Amino acid sequence: MRDITHIILHCTATPLGREVHIDEVRRWHTQGRNWSDVGYHYLIQLDGHLQKGRELEIVGAHTKGHNLYSIGVAYVGGLNAQGDPADTMTCEQEETFEHLAFALQLALVTPLTVCGHNEFSSKACPGFSVKKKWPKL
């Protein structure tokens, strides 16, 4: 297993209420960007259902310069009704993310730093401050 120290939260940058499945994100990444697979390790759907992307043992393609030591998680959404970046996480998505972060820390037997993509890039993704939303994660 690789040395993982961070969980980095992303969004799909899709409009409020539009569902996206892992296969669609995989197509965006493999056909649109010519990557070998979907860049994320997990995708959280609107109803909180967790979908598997890349295997954890495989380095992701989600945060340039930080993939080697991180797990990429994306939630469906990230744009409000006007198409602007926003925290559109449903209660179910928030609950799933919290459970996933806790489960990964237990499974990897190490404290993991939970961050937003916007902490490593000038992008608005995931649409809010992860540190402010989850100061104790």
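**Which strand holds Leu79?** Leu79 sits in strand S6, residues 78–79. Strands are DSSP runs (E) of at least two residues and helices are DSSP runs (H or I) of at least four, both numbered from the N terminus. This is a predicted model: local features need pLDDT of at least 70, side-chain atom pairs count only at pLDDT 80 or more, and totals for chains, interfaces and linings use all residues. Residues are numbered from 1 along each chain as its sequence is written, and side-chain values use heavy atoms, with hydrogens and water left out.

**View A. Leu79 and its surroundings.** Leu79 counts as buried, at 18% relative accessibility. Buried means under 20% relative accessible area, exposed means over 50%, and partly exposed lies in between (1.4 Å probe, protein chains only). Leaving aside neighbours within four places in sequence, Leu79 is in contact (heavy atoms within 4.5 Å) with Ala13, Thr14, Pro15, Leu16, Asp84, Pro85, Ala86 and Thr88. Thr14 is 65 residues from Leu79 along the chain, yet their C-alpha atoms are separated by 5.7 Å.

**View B. The salt bridge between Arg18 and Glu24.** Side chains of opposite charge can pair when their charged atoms come close. A salt bridge is a side-chain nitrogen of Lys or Arg within 4 Å of a carboxyl oxygen of Asp or Glu. By this rule the count is six salt bridges. In one of them, the closest N and O atoms of Arg18 and Glu24 are 2.5 Å apart. Arg18 is partly exposed, with a relative accessible area of 35%.

**View C. Arg26 meets Asp37.** Their side chains form a salt bridge at 2.7 Å, N to O. Arg26 lies in helix H1 (residues 22–30) and Asp37 in the loop between H1 and strand S3 (42–44), so the pair ties together parts that are eleven residues apart in sequence. Arg26 is partly exposed at 23% relative accessibility. Asp37 is also partly exposed, with a relative accessible area of 22%.

**View D. Lys133 meets Glu94.** This salt bridge spans 2.6 Å, N to O. Lys133 lies in helix H3 (residues 130–133) and Glu94 in helix H2, so the pair ties together parts that are 39 residues apart in sequence. Lys133 is partly exposed, at 22% relative accessibility. Glu94 is partly exposed, at 22% relative accessibility.

**View E. A network of salt bridges.** Shared partners join Asp23, Arg26 and Asp37 into one network.
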